[in-house]
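Biologist: I would like to learn how to read a model like this one. Please take me through it feature by feature.

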Amino acid sequence: MTGQPVRVVVADDQALVRSGFTMILAASGIDVVGEAGDGEAALAAVRRLRPDVVLMDIRMPGMDGLEATRRLLATGATTTAGEPTRVIILTTFDLDEYVYAALRAGASGFLLKDVTPDHLVHAVRLVRDGDALLAPSITRRLVDRFSSTSGVREDYGALPTLTAREREVLVLLARGLSNAELAAQLQLGEATVKTHVARILAKLQLRDRVQAVIFAYESGLVSPGS
């Protein structure tokens, strides 16, 4: 999809916020194809416009952003190019229950609304290209959430299906390494790293790297400080 304009729907109940995000994205060549003021309108916009990325506020009247995200991803929404539509949660609320609920609903990223314009633009492009991200403060809290985890629990039976190399890649991925950093550390080509990551996600039935990080900590494969 390199070279293709990124198509975005912005869902937020505040018109001023929607306008601000739209101006920031448009100034960087990102096409905001639609806006929505609540979850129902967001779902309708996605069905009609088939964007690459949805910027989804959590707290909206009627159907909130979490429920809209669940429904959007459960229906297998796709872009005009046939790729999965991805969701970035944008909110002012840095609260654990929102973080975990959003990520488990299938969101590819979670950013606070005080994100810088450059970081917002980078996040949209990163997620459109199939990656996933978390704000640094969210990543730290995610790690802290699983600080007491020890051992692999029985409900993570898919873990043994990974090869030794795939487990190694998953551990490094959970520590926050990018594909380029993984390639350098493992002395592999980036294309090979991408193949390993894709196989990990397929074997564990995960949507993206964010869910892979959660899996790695919840399963006990990785522990904070290890």
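The dialogue below covers confidence, salt bridges, helix packing and backbone angles.

Biologist: What should I know before I start?

Modeller: This is a predicted model, where local features need pLDDT of at least 70, side-chain atom pairs count only at pLDDT 80 or more, and totals for chains, interfaces and linings use all residues. Residues are numbered from 1 along each chain as its sequence is written, and side-chain values use heavy atoms, with hydrogens and water left out.

Biologist: How do I read the confidence, and what is the mean pLDDT of the chain?

Modeller: pLDDT is the predictor's confidence in each residue, from 0 to 100. Here the chain has a mean of 84. Of its residues, 85% reach 70 or more.

Biologist: Where is confidence lowest, and where is it highest?

Modeller: First, the names. Helices (H or I, at least four residues) and strands (E, at least two) are DSSP runs, numbered from the N terminus. Helix H6, residues 136-145, has the lowest confidence, with a mean of 62. Strand S1, residues 7-11, has the highest, at 97.

Biologist: Where does pLDDT stay under 50?

Modeller: Over residues 148-154. A contact means heavy atoms within 4.5 Å. For that stretch the model has nine contacts beyond four places in sequence.

Biologist: Now salt bridges. How many are there?

Modeller: The rule asks for a side-chain nitrogen of Lys or Arg within 4 Å of a carboxyl oxygen of Asp or Glu. By this rule there are eight salt bridges. Take Lys113 and Asp12 as one case: their side chains meet at 2.7 Å, N to O.

Biologist: Which parts of the chain does the pair Lys113 and Asp12 tie together?

Modeller: Lys113 sits in the loop between strand S5 (109-112) and helix H5 (117-128). Asp12 sits in the loop between S1 and helix H1 (15-27). The pair therefore ties together parts that are 101 residues apart in sequence.

Biologist: Is Asp12 buried or exposed?

Modeller: Buried means under 20% relative accessible area, exposed over 50%, and partly exposed in between (1.4 Å probe, protein chains only). Asp12 has a relative accessible area of 1%, so the residue is buried.

Biologist: Which salt bridges does Glu67 form?

Modeller: Glu67 pairs with Arg70, with the closest N and O atoms 3.3 Å apart. Both residues lie in helix H3 (residues 65-74), three residues apart, about one turn of the helix. Glu67 also forms a salt bridge with Arg71, where the closest N and O atoms are 2.8 Å apart. Arg71 and Glu67 are four residues apart in H3, so about one helical turn separates them. Glu67 is partly exposed, at 27% relative accessibility. Arg70 is partly exposed at 37%, and Arg71 is partly exposed at 40%.

Biologist: How do I describe two packed helices?

Modeller: Use the angle between their axes and the distance between the axes. Axes are lines fitted to C-alpha atoms, for helices over the stretch in contact, and angles run from 0 to 180 degrees between N-to-C directions. Angles under 35 degrees count as roughly parallel, over 145 as roughly antiparallel, 65 to 115 as roughly perpendicular and the rest as oblique.

Biologist: At what angle do H1 and H5 pack?

Modeller: At about 75°, with their axes 10 Å apart. H1 and H5 are therefore roughly perpendicular. Phe21, Ile24 and Leu25 of H1 meet Pro117, Leu120, Val121 and Val124 of H5. For classes, Ala, Val, Leu, Ile, Met, Phe, Trp, Tyr, Cys and Pro count as nonpolar, Asp, Glu, Lys and Arg as charged, and the others, Gly among them, as polar. This contact has seven nonpolar, no polar and no charged residues.

Biologist: And how do H8 and H9 pack?

Modeller: Helix H8 (residues 179-186) and helix H9 (residues 190-204) pack at about 110°, with their axes 9 Å apart. That pair is therefore also roughly perpendicular. H8 contributes Asn179, Ala180, Leu182 and Ala183, and H9 contributes Glu190, Val193, Lys194 and Val197. By class, the contact has five nonpolar, one polar and two charged residues.

Biologist: Last, phi. What is the general idea?

Modeller: Most residues other than glycine have a negative phi. Gln187 has a positive phi of about 55°. Gln187 lies in the loop between H8 and H9 and is exposed, at 74% relative accessibility. Gln205 has a positive phi near 55°. Gln205 is in the loop between H9 and H10 and is exposed, at 71%.
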